[in-house]
Amino acid sequence: MEYETEFFDLGYKIYKPDFFFYGQDGKIKKITEIKSRNKDEKISALKALSIIEKNYNIKYELVSYEELLEKYRELPFSLTGTITEWIQSENTTIHKAAKGKLNGHYNIAHSIDTKRKIGEHTKKLWASNSTAKQRMVVGLKKSGLAQKGKFKKPREIRLCKECGHNFEVIATSIQTFCTQKCAGNFAIRNATKSYINKRKSIHENIRNYIIQWSLQNKDIVIQTPFNKIKSTLEPLIEDIHKEFGVKDFRVISKAVFGKDCGRKELLKFMQKLCNENVC
Ligand SMILES: [Zn+2]
């Protein structure tokens, strides 16, 4: 399973927000940033967030740890553990602030062993499909927050059916082509192919029909003079029109010979069939 990581180039630094809030299309709708009450930190975060809003059209929310804790007060214990774990993680820059009131357990320090157990428990919960996990997910969704990393929609790499290049999509997506262009090319080629196949099979049927008709009407075929082909073969042409919707003689000839060879050649072909059969 892969998760995308979102960075924003602000021109003066690369900014990696704390939380992302995704819309149904899988695009980032909102960023939530958690900062302590430190004034300078808040000012620099606000500056960065307003640049992101302007350049990327993504809304933001800046909350303090105190506010965050309020939001999570009603969530299950294991989620509090998850947040604690996240706050304490080496990968976050804010772990130092996770003391005192900011600790998920309200000033009661965990022993290393307890922390390890919570960590393992949380990992197990996330790996499972338990109701506890669902409660955690619902809780986060309700609060409008998605925890860094863990709540990003899983992505996968697929092979484009048209160009063979890899592309990345949300795992639940039904997309099978890398781009609209590839989807279009595939559709056009497929339509052309099915048109050609259809035409081929019609041609084959017309040819078989003429062969059958010749064998069943040997007397007519053999006795038709070359200067009366059109009128004598009129019933055959009418039948083909009714059966296959084709009355253009050039198309009929093409069906038999692969190219238009004219009426004379068609009659010769039919007569040859009759004679062969006699022998
Ligand atoms: Zn493609």
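Modeller: pLDDT is the predictor's confidence in each residue, on a scale from 0 to 100. This is a predicted model, in which local features need pLDDT of at least 70 and side-chain atom pairs count only at pLDDT 80 or more, while totals for chains, interfaces and linings use all residues. Residues are numbered from 1 along each chain, as its sequence is written.

Biologist: What is the mean pLDDT of the chain?

Modeller: The mean is 76, and 70% of the residues reach 70 or more.

Biologist: Over which residues does pLDDT stay under 50?

Modeller: Where pLDDT is low, the predicted coordinates should not be read in detail. Here that concerns residues 90-109, where pLDDT stays under 50 and the model has 26 contacts beyond four places in sequence. Two residues are in contact if their C-beta atoms, placed from the backbone, lie within 7 Å.

Biologist: How many helices and strands does the chain have?

Modeller: There are 11 helices and seven strands. These are DSSP runs numbered from the N terminus (helices: H or I, at least four residues; strands: E, at least two).

Biologist: At what angle do α6 and α10 pack?

Modeller: Two packed helices are described by the angle between their axes and the distance between the axes. Helix α6 (residues 180-216) meets helix α10 (residues 249-257) at about 85°, and their axes are 8 Å apart. The two are therefore roughly perpendicular, a label for angles of 65 to 115 degrees. Axes are lines fitted to C-alpha atoms over the stretch in contact, and angles run from 0 to 180 degrees between N-to-C directions. On α6 the contact is made by His-203, Ile-206, Arg-207 and Ile-210, and on α10 by Ile-252, Ala-255 and Val-256.

Biologist: Which residues of α10 are buried?

Modeller: Ile-252, Ser-253 and Ala-255 are buried, with 20 or more other C-beta atoms within 10 Å of their own; 12 or fewer would be exposed, and partly exposed lies in between, with C-beta atoms placed from the backbone. An α-helix has 3.6 residues a turn, so residues three or four places apart point the same way. After α10 comes Gly-258, with a positive phi near 90°.

Biologist: Where does Cys-163 lie?

Modeller: Cys-163 is in the loop between β6 (155-159) and β7 (166-170). Cys-163 is partly exposed, with 14 other C-beta atoms within 10 Å. Leaving aside neighbours within four places in sequence, Cys-163 contacts Cys-178 and Cys-182.

Methods. Parallel < 35°, antiparallel > 145°, perpendicular 65-115°, else oblique.
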